[in-house]
Amino acid sequence: MGRVPNLTRADAQAALRNPLAFIAARWTPDPRTVRRAVLAALVMAVAIVVTGGAVRLTGSGLGCPTWPKCTEDSLTSTREMGMHGLIEFGNRLLTYVLCAAVGWAIVAVRSQKPFRRSLTRLGWTQFWIVMGNAILGGIVVLVGLNPYTVAAHFLLSSALIAVAAVMWQRVREGDGEPRPLVGKPVRQLVWFLVGVSVLLIAVGTVVTGAGPHAGDSSEVERMPLDWEMVSKLHAVLAWIVATLTFALWFVLKAVDAPKGPLHRTRELFLIILAQGVIGYVQYFTDLPEVLVGAHMFGSCVMWIWVVWVLLSLRERPDAPTADLPVPSDQPARATSESIAGPR
């Protein structure tokens, strides 16, 4: 091993002025390290949603009755607060793990060579979403688990998952101009699928806000809506998403689309089917906590795959490339290529 250079005063000043640039000038991670860091941020974005669901489903939402401290006199939960306080405080501690994962992803992408500004921006976007959601989580506690703030808390977490999923895809491709792999009609269909999926997730938060799992054993405000009716609307939207996904898969097969979009769509369809089974079972078994938690996890996984289906419709090379002419001995397929796009 080589000798480690001494840290000079100039180095210390440079590190204080711009720590990321200081680290990047002295360390170049290999691509596998960068991918693992970005994947860790995505996994933690899902984990914080699942553990937040556990807080709600165990009635521990006000286990720590104030914020940012757990009590007026203690930063942490106390023995007298029991399991509810421990669960709620544990979820708060996990936010620091999420921050560490996002920070590690930012350092990794900032230090890779060549420098890719787009990845660094995605990392910082995650960081600011985490900060905003931490403040919103504190507001949720201070207003006594108001269902509208709880819904906003979940939706902001979904935004974090979307950005993390985009970053995971972008770290495995170049920064060249995106080249579509399918035609415009297919891309429009997928954007419609994304829009309905967002609506499905939003209505799901309303189902939770009006449903029986209030998040705490005490009397908590609920959304003044018919829970049965909202649940049926949620189910209808789920069927629409499933139908759109199957239609997309059928179209991609019909036009002989590239394997990337085809495989992602098939995976999404299977995830939606599994999520639907969990949803109906929990509905007809009076919402057992384990199944509700599994449904929340499935919602996160479904949303990740919806984002990945959208991103699979194009490819981004390392550098812009000129369009290659089609060899004269290959017949043109005008009908298929107008829908499926260039390959």
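Predicted model: local features only at pLDDT ≥ 70, side-chain atom pairs only at ≥ 80, totals over all residues.
Before you start: numbering runs from 1 along each chain as its sequence is written. Local features need pLDDT of at least 70, side-chain atom pairs count only at pLDDT 80 or more, and totals for chains, interfaces and linings use all residues, while side-chain values use heavy atoms, with hydrogens and water left out.

**Whole chain.** Color by secondary structure. The protein chain has eleven helices and two strands (DSSP runs: helices H or I, at least four residues; strands E, at least two; numbered from the N terminus). Of its 343 residues, 44% are buried (under 20% relative accessible area; exposed is over 50%, partly exposed in between; 1.4 Å probe, protein chains only).

**Cis bonds.** Select W67 and P68. Their peptide bond is cis, with omega near 10°. P68 is in the loop between α3 (31-57) and α4 (82-111). Next, take K113 and P114. This peptide bond is also cis, with omega near 0°. P114 is in the loop between α4 and α5.

**Helix pair.** Select 184-210 and 227-254, which are α7 and α8. Their axes (lines fitted to C-alpha atoms over the stretch in contact; angles from 0 to 180 degrees between N-to-C directions) come within 9 Å and cross at roughly 160°. That makes α7 roughly antiparallel to α8 (angles over 145 degrees).

**Positive phi.** Go to the loop between α9 (259-284) and α10 (289-311) and select D286. Its phi is near 60°. D286 is exposed, at 70% relative accessible area. Then pick L287, in the loop between α9 and α10. Phi of L287 is near 55°. L287 counts as buried, at 12% relative accessibility.

Technical notes
Parallel < 35°, antiparallel > 145°, perpendicular 65-115°, else oblique.
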